[in-house]
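Please read it beside the coordinates.

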Amino acid sequence: MSTGPVAVAYALAGLALGALAGLVWRRALPAAGTALAVSLLLHQLLERHREDLWPTVSRIAPGSIELPRSVFQVTWDTPTPHGVTISHATFHPRSHFWPLQYVETGLLLAVAGTATATAFLLLARRLP
């Protein structure tokens with residue numbers, strides 16, 4: 001789901017992290033490696049916890065549940081206590097797409113802003 005404003009926010013966060021790493025390391029290759037590693041770690045973290053950024057919707061029904069294809073499925077259980085099939089689905093419906101995008105974009109812009117502010121403070125300390 002890294003589309004829309006999230007894709008732009010990832011680019012801005014990567015740029016800000018690269019600038020900060022360049023000021024810290026003062027060498028291009030270690031700074032690029034550090035910025036890439038931190039950007040990938042940030043992407044994995046948000047990818048793993050994306051479903052937690054907005055409240056999910058749950059459906060419980062006897063038998064099976066048919067979900068629309070446009071949902072972002074989080075969990076799907078079909079326990080069978082005492083021979084009765086009960087399906088439990090937790091998901092994000094289509095209406096959660098933009099709120100999830102905006103929350104993830106906000107988090108990435110906060111990281112980008114923090115990295116930029118830290119880079120400016122570090123640069124200001126080095127100047128006479």
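The model is predicted: local features need pLDDT of at least 70, side-chain atom pairs count only at pLDDT 80 or more, and totals for chains, interfaces and linings use all residues. Residues are numbered from 1 along each chain as its sequence is written, and side-chain values use heavy atoms, with hydrogens and water left out.

**Cores and helix H3**

Helices (H or I, at least four residues) and strands (E, at least two) are DSSP runs, numbered from the N terminus. A residue is called buried under 20% relative accessible area, exposed over 50% and partly exposed in between, with a 1.4 Å probe and protein chains only. A nonpolar core is a set of buried Ala, Val, Leu, Ile, Met, Phe, Trp, Tyr and Cys residues joined through side-chain atoms within 4.5 Å.

The largest such core holds 13 residues, and Tyr10, Ala13, Leu42, Leu46, Leu108 and Ala115 have the most contacts inside it. At least two residues of this core come from each of helix H1 (5–25), helix H2 (28–48) and helix H3 (97–126). H1 gives the largest share, seven residues. A second, separate core has five residues, among them Leu67, Val71, Ala89 and Phe91. In soluble globular proteins, nonpolar side chains tend to be buried together.

The expected span of a helix is 1.5 Å times one less than its number of residues. For the 30 residues of H3 this gives 44 Å, and the end C-alpha atoms are 44 Å apart, which agrees. Buried residues in H3 are Pro99, Leu100, Gln101, Glu104, Thr105, Leu108, Ala112, Ala115 and Ala119. They pack against H1, H2, strand S2 (72–77) and S3, where contact means heavy atoms within 4.5 Å.

Ala115, in helix H3, counts as buried at 5% relative accessibility. Apart from neighbours within four places in sequence, Ala115 is in contact with Ala16, Leu17 and Leu20. Between Ala115 and Leu46 there are 69 residues of sequence separation and 17 Å of space, C-alpha to C-alpha.

**Salt bridges**

A salt bridge is a side-chain nitrogen of Lys or Arg within 4 Å of a carboxyl oxygen of Asp or Glu. The whole structure has two salt bridges, listed here.

| Pair | Closest N to O distance |
|---|---|
| Arg50 and Glu104 | 2.8 Å |

The Glu104 pair links distant parts of the chain, with Glu104 in helix H3 and Arg50 in the loop between H2 and strand S1 (57–62), 54 residues apart. Together, Glu47, Arg50 and Glu104 are linked in a network of salt bridges. Glu47, at 37%, is partly exposed. Side chains of opposite charge can pair when their charged atoms come close.

**Aromatic rings**

Rings of Phe, Tyr and Trp (its six-membered ring) pair if their centres lie within 6.5 Å; planes under 30 degrees apart count as stacked, over 60 as edge-to-face and the rest as tilted. Two aromatic pairs are present. In one of them, the ring centres of Phe97 and Trp98 are 5.0 Å apart and the planes stand at 80 degrees, so the pair is edge-to-face. Phe97 is partly exposed, with a relative accessible area of 28%, and Trp98 is partly exposed at 44%. Ring pairs join Phe97, Trp98 and Tyr102 into a cluster.

**Two single residues**

Ser87 belongs to strand S3 (residues 86–92) and is buried, with a relative accessible area of 2%. Residues up to four places away in sequence aside, Ser87 touches Arg59, Ile60, Ala61, Gly63, Ser64, Ile65, Asp77 and Thr78.

Arg26 sits in the loop between H1 and H2. The phi angle of Arg26 is near 60 degrees, a positive value in a residue other than glycine. Arg26 is exposed, with a relative accessible area of 59%.
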